[in-house]
Amino acid sequence: DNHHNLAATLNNIGGAYTKMGDYDKALDKYKEALAIYTQLEDQHFISVTYNNIGNCYWEGERFKEAIPIYRQSLTIFKELYGANNIENAAIYTNLGNCLGKEKKYQEAHTYYEKAIQLVKEHHGEEHPLLAEYKTNHGIIHQREGHLQEALKQFNEAIAILKIEVKE
């Protein structure tokens with residue numbers, strides 16, 4: 001219906017402003033969309049919009065603000081689709097990225113491990129998303145000075161990517 005279309009368009013405008021680096025305007029549009037989705041009681045798109053807001057905070061390097069927003073998105077997605085839904089993997093990675101930037105490494109590891117496990121369960125051991133998540137996880141190990149573990153993650157990512165390149 002028109003309300004849903006309006007909210008979706010506001011979300012798209014928020015995305016454009018985020019890409020332009022105008023984070024305040026983006027957040028305004030996301031919050032307008034969120035208000036409509038809340039009125040419509042559309043939990044799926046409430047969660048998607050929270051994730052978009054988190055991404056906006058991430059792009060603006062406001063990691064501390066992104067973390068609770070991503071957690072809200074994750075909570076709703078888990079309630080709707082269960083803890084093992086593959087869509088959760090992206091949110092886990094977003095949380096891992098932000099927590100890593102905030103130097104909360106142990107928590108970041110936990111989220112990366114969950115994302116990696118979900119990708120393995122849903123897509124197997126050779127999916128390119130697995131390579132991306134292993135690279136992100138390796139970066140956290142590298143920041144911590146755990147260079148052997150970082151190299152292990154990076155090498156596993158490369159092995160996956162080489163399979164993709166051959167295909």
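# Reading the helices of a predicted model

Tutor: This is a predicted model. In α5, the buried residues are N88, A89, I91, Y92, T93, N94, L95, G96, N97, C98, L99 and G100.

Student: What makes α5 largely enclosed by the rest of the structure?

Tutor: Count the buried residues. Buried means under 20% relative accessible area. In α5, 12 of the 15 residues are buried, so this helix is largely enclosed.

Student: Which helices cover the buried residues of α5?

Tutor: The cover includes α3, α4, α6 and α7.

Student: Where is K103, and why is it called exposed?

Tutor: K103 is in the loop between α5 and α6. Exposed means over 50% relative accessible area. K103 has 61% relative accessibility, so it counts as exposed.

Student: What makes E61 exposed?

Tutor: Use the cut-off of over 50% again. E61 is at 62%, so it counts as exposed. E61 lies in the loop between α3 and α4. Its phi is positive, near 60°, and E61 is not a glycine.

Student: Why is H109 called buried?

Tutor: The limit for buried is under 20%. H109 has 5% relative accessibility, so it counts as buried. H109 is in helix α6. Apart from neighbours within four places in sequence, it is in contact with H137, I140, H141 and E144.

Student: Which residues of α6 are buried, and what do they pack against?

Tutor: The buried residues are Y105, A108, H109, Y111, Y112, A115, I116, L118 and V119. They pack against α4, α5, α7 and α8.

Student: How do you know that α6 has a span close to the expected one?

Tutor: α6 has 19 residues and reaches 26 Å from its first C-alpha to its last. At 1.5 Å a residue, 27 Å is expected. The two values are close.

Student: What follows α6?

Tutor: G124 follows, with a positive phi near 90°.

Student: Why are α2 and α3 called roughly antiparallel?

Tutor: Look at the angle. They pack at about 170°, with their axes 9 Å apart. Angles over 145 degrees count as roughly antiparallel. Therefore α2 and α3 are roughly antiparallel to each other.

Student: Which residues make the contact?

Tutor: From α2, they include Y23, A26, L27 and Y30. From α3, they include F45, I46, T49 and Y50.

Student: How do the residues of this contact divide?

Tutor: In the contact of α2 with α3, 13 are nonpolar, three are polar and two are charged.

Methods: Residues are numbered from 1 along each chain as its sequence is written. This is a predicted model: local features need pLDDT of at least 70, side-chain atom pairs count only at pLDDT 80 or more; totals for chains, interfaces and linings use all residues. Side-chain values use heavy atoms; hydrogens and water are left out. Helices (H or I, at least four residues) and strands (E, at least two) are DSSP runs, numbered from the N terminus. The expected span of a helix is 1.5 Å times one less than its number of residues. Buried means under 20% relative accessible area, exposed over 50%, partly exposed in between (1.4 Å probe, protein chains only). Contact means heavy atoms within 4.5 Å. Axes are lines fitted to C-alpha atoms, for helices over the stretch in contact, and angles run from 0 to 180 degrees between N-to-C directions. Angles under 35 degrees count as roughly parallel, over 145 as roughly antiparallel, 65 to 115 as roughly perpendicular and the rest as oblique. Ala, Val, Leu, Ile, Met, Phe, Trp, Tyr, Cys and Pro count as nonpolar, Asp, Glu, Lys and Arg as charged, and the others, Gly among them, as polar.
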